[in-house]
Amino acid sequence: MMRRLPYLLPLIVLAGLAGYFWSGLGRDPNTLPSVLIDQPLPELGLAPIAGRERGLVTADLKGQVSLLNIFGSWCVACQAEHPFLMQLKAEGRVPIHGINWRERNADAGPAWLTRLGDPYTLIGADPDSRAAIALGVTGAPETFIIDAAGVIRYKHIGPITKDIWEKKLWPIVERLRRG
Amino acid sequence: MADRRAFAARLIGALLAVLLLAPLLATTASAVEPDEIAADPAIEARARAISKGLRCLVCQNESIDESNAELARDLRLLVRQRLQAGDSDQAVTAYIVSRYGDFVLLDPPFKAATYALWLGPLAITAFAFGFVFVFYRRRAGRSEAAPLSEDDERRLAKLIDRNDP
C-alpha cells in the first residue's frame with residue numbers, strides 16, 4: 001500500500017477536488033456572507049417617507065429584538081414576500097422596521113404600501129443607497145435580525161417564506177430574546 | 001495550386017496578426033455616466049482608479065467602473081462624494097471593504113485567510129516538480145542492471161555463436 005501511494009495520490013487529490021467543486025455547484029453565488037454579523041448597526045439617520053412623521057435612526061432599533069427589512073416598490077421579490085410580512089405583523093411576533101430603498105419617485109414607496117398594506121413599525125427613506133451600502137446590502141429584499149443592544153445578528157437574503165421563518169429566523173429571534 | 005497555397009498562408013498570417021494584436025487594442029468600456037463625473041478632474045481620476053478595483057456586487061465579474069447595475073452606480077457616486085469630502089483613496093476603499101468584506105476587492109489582499117489562494121498554486125507546482133524528480137531518480141537508479149554472472153556470459157556467447165552465419 002505504501003509503495004503504491006505515490007500513484008494513488010493524484011487520484012485521491014482529484015476525488016477531493018471533485019467533491020469540493022460538486023458541493024459548490026449547488027451554492028447560490030449571490031448569497032454572500034455578511035461581514036457585519038455581530039457588529040453594531042451603522043449610524044442611520046433616515047428621513048421619513050411621504051405620509052409618515054417619523055423616519056428611522058439607529059436608536060430606534062435598540063431596546064428589543066426587531067427585524068430590519070430592505071424593500072422597494074420596484075422590487076418584485078419584495079412583493080412576493082409582502083403577504084408574509086403582513087401575516088407576521090398581524091401575529092404581532094416581532095416589530096418589523098423597513099428601509100424604503102432607492103425610490104426614484106418619492107411617492108412610489110408610500111403608494112405601494114397603501115395598495116398592499118403596511119407591515120412596518122418605522123420606515124426610513126434611502127433614495128441614494130447610503131444606508132443600503134452602510135448595511136452591505138447587495139439586493140432587495142434583505143432582512144436583518146437586530147438584537148436588543150442594536151447589534152446585527154443575522155442577515156437573510158431574498159424573500160422570507162413561512163418555511164424560512166419557522167426553520168431559521170424565528171428560532172434566532174427566540175434565542176436572542178432569552179439573551 | 002501554388003497561388004492558392006500562398007493565399008492561404010497570407011490569410012493565416014493576417015488572422016494570427018489580428019488575434020495577437022487584438023488584446024492590445026481592447027479596453028473595457030466604462031459605465032460612468034456624464035452626470036456622475038466629478039467636477040474636479042483630479043478627483044474623477046482617483047475615483048476611476050478606485051472604482052476599477054471594486055467588484056460590482058450584482059454582476060460579480062465586473063468592476064463597479066464597468067457595471068451598469070444600479071448598485072454599482074450608487075457605489076461610484078459614494079466614492080466620488082467621499083473623495084470630495086476629503087477622504088484618502090485608502091479610506092474610501094477601507095470603508096467599502098468594511099461593509100462588503102474582502103470579496104469586493106478584485107485584487108484580493110495577501111493575509112492569513114487568503115494564503116491558500118496565493119500560495120496554493122505555488123505549493124502544487126512545487127509538489128508536482130518534487131514528485132517528478134523523485135520518480136525519475138528512482139527509475140534511473142533501478143535501470144543500472146546487475147553484472148552478468150559467469151553462467152550468463154557462457155549462455156550469451158553460445159547464443160551469439162549460433163546466430164553468426
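Visitor: Is B:Leu57 buried or exposed, and why?

Guide: Burial is read by counting neighbours: 20 or more other C-beta atoms within 10 Å make a residue buried. B:Leu57 has 24 other C-beta atoms within 10 Å, so B:Leu57 is buried. Keep in mind that this model is predicted.

Visitor: Where does B:Leu57 sit in chain B?

Guide: B:Leu57 lies in a loop of chain B, between helix H2 (41–52) and H3.

Visitor: Which residues is B:Leu57 in contact with, leaving aside its neighbours within four places in sequence?

Guide: Within chain B, the partners are B:Leu71, B:Tyr100 and B:Val104. From chain A comes A:Thr138.

Visitor: How far apart are B:Leu57 and B:Ala85 in sequence and in space?

Guide: Take both separations. In sequence, B:Leu57 and B:Ala85 are 28 residues apart. In space they are 24 Å apart, C-alpha to C-alpha.

Visitor: Now the chain contact. How many residues does the contact take from each chain?

Guide: Chain A gives 12 residues and chain B gives 13. On the chain B side, helix H3 (70–84) and helix H4 (89–100) are the elements that give two or more residues. H3(B) provides the largest share, 5 residues.

Visitor: Which residues of chain B does the "transmembrane region" annotation cover?

Guide: An unreviewed UniProt entry places that annotation on residues 115–136 of chain B. In the model, residues 115–136 of chain B are 100% helix and 0% strand. The end C-alpha atoms of this span lie 31 Å apart.

How values were computed. Residues numbered from 1 in each chain as written. Chains lettered and ligands numbered in written order. Predicted model: local features only at pLDDT ≥ 70, side-chain atom pairs only at ≥ 80, totals over all residues. Contact = placed C-beta atoms within 7 Å. Helix = DSSP H or I, 4+ residues; strand = E, 2+ residues; numbered from the N terminus. UniProt positions renumbered as here; feature names shortened; annotations may be inferred. Buried ≥ 20, exposed ≤ 12 C-beta atoms within 10 Å, placed from the backbone.
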